Amino acid sequence: MGITYVDATATGPTGKQETLELLVDSGAMYSLLPERVWKAIELEPTRDHVLRLADGSRVVRRMSRCWLRLEEGEDYTPVVLGEPGDQALLGVITLENFGLVLNPFTRTLHPMRVLMPGLLDTQ
């Protein structure tokens with residue numbers, strides 16, 4: 001399986017910004033900012049959230065929101081506030097906010113195709 005990374009800029013509530021590389025993880029619900037990034041842009045935790053890891057274990061992580069800018073645009077998104085050793089991730093909620101999907105065969109991001117109700121109906 002290939003690995004896909006994207007470049008991003010995270011912006012906090014005071015306007016401070018940090019650039020980082022995010023691993024695109026279609027199995028992760030939320031994006032995760034490493035501790036050095038979220039502290040540098042002065043994010044504050046807004047709630048705790050229980051997350052289930054790939055091995056089935058559960059962890060509690062603090063959550064917040066920030067602006068993320070990718071090549072495809074910018075959006076306000078929920079983020080997990082990483083702890084030491086956590087990998088920077090781009091999760092599916094952020095992908096959907098940007099209208100993107102990960103092609104699992106080519107490991108590339110593409111615009112989401114949305115079918116309009118009735119579009120494929122035939123008379």
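**Exercise 1.** Starting from the hairpin that joins β5 to β6 through two residues, work out how β6 pairs with the strands beside it in this predicted model.

*Solution.* Residues are numbered from 1 along each chain as its sequence is written. Because the model is predicted, local features need pLDDT of at least 70 and side-chain atom pairs pLDDT 80 or more, totals for chains, interfaces and linings use all residues, and side-chain values use heavy atoms, with hydrogens and water left out.

Step 1. Strands are DSSP runs (E, at least two residues), numbered from the N terminus, and two of them pair if DSSP finds at least two bridges between them.

Step 2. Strand β5, residues 58–70, pairs with β6 in the antiparallel sense over nine bridges, and R69 has E74 in β6 as its bridge partner.

Step 3. Strand β3 (residues 31–33) runs parallel to β6 (residues 73–81), to which three bridges join it; here L33 stands opposite L81.

**Exercise 2.** Describe the largest pocket and the residues that line it.

*Solution.* Step 1. On a 1 Å grid over the protein atoms alone, a pocket is an open set of points where a 1.4 Å probe fits, with protein on both sides within 12 Å along at least five of seven lines, and lining residues have an atom within 4 Å of a point.

Step 2. The volume, meaning the space filled by probe spheres set on the points, is about 440 Å³ for the largest pocket. Of its 17 lining residues, A28, L51, R52, L53 and L89 are the closest to the centre.

Step 3. The elements giving two or more residues to this lining are β4 (47–52) and β5, and β4 gives the most, with three.

Notes: Helices (H or I, at least four residues) and strands (E, at least two) are DSSP runs, numbered from the N terminus.
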